[in-house]
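Visitor: Can we go through this one together? I'd like to start with the sheet and then move on to the helices.

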Amino acid sequence: MEYFYFPALKTRSSELRAFSKLENKNGILPILALTKSRISKNNLTGSIDKKMNELKEDFKDIYFILDVSTEESLINNEIRDFLSPNDGFKKWVEFVKKYKKDFKNLIPCVHFAPDNIDDVKKQILNLDEFETLALRLPGDENLNEYLKIIDDRKKIILILDCLDKYNELNTANDIKHFKGLIYLASSFPKTLSENEGKIKLNEQEYYIKELSSKYCYGDYGCTYPIRYDMKARGWIPRIDIPVINNNEAVVYYKKNRTDEVTSTEEAYIKIAQKLWENEIIRKLNIVDNWGYKFFMDAAKYGTIFGKSPSFWISVRMNIYMSLTLNKMKNLVEAKSLEI
């Protein structure tokens, strides 16, 4: 299978829903950061086995890279144990081996600890039953020092994660001989101060102009790379509609605060109708797209099927990933990865 697009997704409901509802997944290799499952009275610890069971419907038969989140608000003690380098990251190795039978195309990420090099190498050896591995490294000034540690590269997909920065990486010849090379970054902002506007996403343009001769294209699916907590004032209903034209990717957005006379449902309908006035959005014409269909239902018919921020994050991400996959498949310059 040939892959063209590599979105980094956390295993939260909004991001999993956005991926699940894609009308076409051929050519997309997701990079999943495992998070704890939803806490409930019957699941007080956020069981990781429960989360893995949730993934089976969409990931049982497809190739995907499995990493873990390192964000404290998204993890539990099980995940902390996976990140421990003890005995070659023994807990992590045992975990991915256990689930290999349920996810036949699982590609585990190698956990990296520059102060525990022997454990990193032991981990790679103990994952030898996997045909392909991944290694996610920060794209920063320490990259070349990290790369010197990795000897056997032919089965490893290297992911260079720059988060919300675009770095001209000084890799020289150190990135040679890996199975694949993915450059990962996002320019989606952490917050939006204006009530309406347009966000220009730089990552696609930067990839095409500067990186396409070396790397495969990855991003965070039109989200900010790191989770952050909302301020005490809470959330304001907002809809974001991504558009990709030529080498430019932008997101048009609008907010509408609720009040005594405007309900959440009414706020979303008003937002959708206002965005529908934008001719560029109307010309998207992707009626088979799950996210765009729900946006049109609100804009044209005043029908709202989801009133939570999570639902509308899914709409934004679903539209964006669908457009980006099609863009990368049809882009002559884009590098692909064969697995």
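Guide: A definition to begin with: two strands count as paired if DSSP finds at least two bridges between them. Also, this is a predicted model.

Visitor: Fine. Which strands close into a barrel, and in what order?

Guide: Eight strands do, in the order β2-β3-β4-β5-β6-β7-β8-β10, and the pairing is parallel. On average, neighbouring strands of this sheet are turned by 25° against each other, ignoring direction.

Visitor: Take β4 and β5. How many bridges pair them?

Guide: Three bridges, in the parallel sense, between β4 (residues 64–68) and β5 (residues 106–110). I65 stands opposite I107 in β5.

Visitor: What packs on the sheet there, touching β3 and β4?

Guide: Helix α2, residues 48–59, touches β3 (31–34) and β4. The direction of α2 makes about 160° with that of β3. Helix α7 (residues 203–211) also packs on the sheet; α7 touches β8 and β10, and its direction makes about 160° with that of β10.

Visitor: On to β10, then. Are its residues buried or exposed?

Guide: In β10 (residues 216–219), C216 and G218 point one way, Y217 and D219 the other, and all are buried.

Visitor: What does β10 pair with over three bridges in the parallel sense?

Guide: Strand β2 (residues 5–10) does, with Y217 in β10 as the bridge partner of Y5. Strand β8 (residues 180–184) also runs parallel to β10 and is joined to β10 by three bridges; there G218 is the bridge partner of L184.

Visitor: Now helices. At what angle do α1 and α11 pack?

Guide: About 40°, with the axes of α1 (residues 13–20) and α11 (residues 309–329) 8 Å apart. α1 and α11 are therefore oblique to each other. The crossing is right-handed.

Visitor: Which residues meet there?

Guide: From α1, S13, S14, E15, R17, A18 and F19; from α11, S310, F311, I313, S314, M317, N318 and M321. By class, that contact of α1 with α11 has six nonpolar, five polar and two charged residues.

Visitor: And α10 with α11, how do their axes cross?

Guide: At roughly 125°, coming within 7 Å; α10 covers residues 290–301. That makes α10 oblique to α11. The crossing of α10 and α11 is left-handed.

Visitor: What's in that contact?

Guide: W290, G291, Y292, F294, F295 and A298 of α10 meet F311, W312, S314, V315, N318 and I319 of α11. By class, the contact of α10 with α11 has nine nonpolar, three polar and no charged residues.

Note on methods. Residues are numbered from 1 along each chain as its sequence is written. This is a predicted model: local features need pLDDT of at least 70, side-chain atom pairs count only at pLDDT 80 or more; totals for chains, interfaces and linings use all residues. Side-chain values use heavy atoms; hydrogens and water are left out. Axes are lines fitted to C-alpha atoms, for helices over the stretch in contact, and angles run from 0 to 180 degrees between N-to-C directions. Helices (H or I, at least four residues) and strands (E, at least two) are DSSP runs, numbered from the N terminus. Angles under 35 degrees count as roughly parallel, over 145 as roughly antiparallel, 65 to 115 as roughly perpendicular and the rest as oblique. A crossing is left-handed if the near helix is turned anticlockwise from the far one by less than a right angle, and right-handed if clockwise. Contact means heavy atoms within 4.5 Å. Ala, Val, Leu, Ile, Met, Phe, Trp, Tyr, Cys and Pro count as nonpolar, Asp, Glu, Lys and Arg as charged, and the others, Gly among them, as polar. Buried means under 20% relative accessible area, exposed over 50%, partly exposed in between (1.4 Å probe, protein chains only).
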